[in-house]
Amino acid sequence: MNNTNQPPSEQLAYAKIIYHLANVGIIAMIISYILYMTDCPQSFLPINRLVQLWDIRSVELIRITTMPVGLDLIHHLNRSDIISLMSIIFISCITILGYIRILPCFIKEKDLPYTLITLLQIIVLILAVFGIISFDSH
Amino acid sequence: MIKKSPNYFQFIIVLLFFAKVSFGQEFSKFNDPGNLSTDIWWQWPIILFLFSIFVGFMATLSGIGGAIIYVPFVSSIFPLHLDYIRGTGLIIALTGALYASPELLKNGIANLRLALPFALVASISALFGARFGLSLDPKTVQLSLGILLLFIVSLMILSKKSEFPIVEKSDSLSKTLKIGGIYHEKTTSEEISWKIHRSPPGLILFFIIGFLAGMFGIGAGWANIPVLNLVLGTPLKIAIGTSKVILSVTDTSAAWVYLNAGSILPSVTIPSVLGMIIGTKLGVKILVKSNPARVKWFVIILLLLSSIVSVVKGINLG
């Protein structure tokens, strides 16, 4: 138990990395969205077509438009809508990066329970990223 | 002394009036996607952006999460499929939590050691909740969302918060994990020592909360705070701060299920997230002058209405 009112070092390290990455994520969102709205570079699925399809399930949308998902996105990084999606993906990676940052802190402190919890959390989130514990849309 | 009444309702009325005047005619067309004209697509992000400013503003003033207002409202008003609305709800909650967490952690209002074990459990169940939610038909999800909202509204009305719950003895799990600490209460300049109890039932409750957060995309602050405060015995401020950290982990895992299912559309999500951030900042500025009880009741009425709309829509969807 922390017996001072000063937050422990791993907490400060986590706060610092989350703060910087969240700001980068917001800026990336704004820039990528401007690119998307100006269609520069050309989007995979033009927004004027998308608005006619966004009342159908995502599974159907992917089937009709062949929109890439998961690791397939890497092959379409020259499309403005995919670049825009990448900024959301970046936001969704911030917590994982925060956990990777604090893992060495717990190892250094020889704090076995928290080392295991952090490690397990990283594994769970990475499995989610790669869709291993995920929704099979195909 | 007569206090000057806060003018946030005027702001909302002006905002809604602006939206109505600017987009009123086209808005009616949007309810039937078949009537959509491709030359008015650009108005969509603006409508979502303005609507999200309103949601962020109300969420801040009422002290509840933005996603819990966003998901039922957007699903009741806009002709978007619930998959994309829930996906956006998760990203809204995630971004808000990431934005707030650093300051809370630095000031000791959030506690990482308290967050980590409960976040792990909630994030595992959120994966299954998201997966389950995406496999259900929209009718069932919409109906369940309405019922869940009714439960949340009753929780908001009935739940009592305890600023400094009394914890006689820590449980063995929290002792092993060394959960507890001291925080500086600025309002009284006191050093508040705290510890927790009932960790095992707390873990079970966080499993349920994570599942619901993933299934409906509504964040989980509404449930995290009462469990941390009333079940585990965490001081209210620590509960509010730590809830944000737990939320960021829970929603990260659920968000990946939605991302991998193609249920997050940047055209919907980004204007909503940015609008929410601006609304939150406006709300924070007015918060000091506002009457929280009045705003809370306004939000309760709005949530009640949207829960009824969700139930009716869920019954009528076919």
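**Entry 1: the fold**

What pattern does chain A follow, read along the sequence? I looked it up in this predicted model, and chain A reads α-α-α-α-α-α. My tally for chain A is six helices and zero strands.

I then checked how spread out the chain is. The radius of gyration of chain A is 19 Å, while the globule rule gives 14 Å for 138 residues, so chain A is more spread out than a compact globule. Its C-alpha atoms fill a box of roughly 60 × 30 × 25 Å along the principal axes. I also noted that buried residues make up 34% of the 138 residues in chain A.

**Entry 2: H1 and H5**

Next I picked a pair of helices in chain A. H1(A) covers residues 9–37 and H5(A) covers residues 94–108; they pack at an angle of about 155°, with axes 9 Å apart. Angles over 145 degrees count as roughly antiparallel, so H1(A) is roughly antiparallel to H5(A). The crossing of H1(A) past H5(A) is right-handed.

Which residues meet here? From H1(A) I found, among them, Ala13(A), Ile17(A) and Leu21(A), and from H5(A) the list includes Leu97(A), Ile102(A) and Phe106(A). By class, this contact has eleven nonpolar, three polar and two charged residues.

**Entry 3: where chain A touches chain B**

How many residues does the contact take from each chain? I read 59 from chain A and 59 from chain B. H1(A) gives the most to chain A's side, with 13 residues. Sorted by class, that side of chain A has 38 nonpolar, 17 polar and four charged residues.

How values were computed
Residues numbered from 1 in each chain as written. Chains lettered and ligands numbered in written order. Predicted model: local features only at pLDDT ≥ 70, side-chain atom pairs only at ≥ 80, totals over all residues. Axes fitted to C-alpha atoms, helices over the stretch in contact; angles between N-to-C directions. Helix = DSSP H or I, 4+ residues; strand = E, 2+ residues; numbered from the N terminus. Parallel < 35°, antiparallel > 145°, perpendicular 65-115°, else oblique. Left-handed = near helix turned anticlockwise from the far one by under 90°. Contact = placed C-beta atoms within 7 Å. Nonpolar A, V, L, I, M, F, W, Y, C, P; charged D, E, K, R; others polar. Rg over C-alpha atoms; globule rule 2.2 N^0.38 Å. Buried ≥ 20, exposed ≤ 12 C-beta atoms within 10 Å, placed from the backbone.
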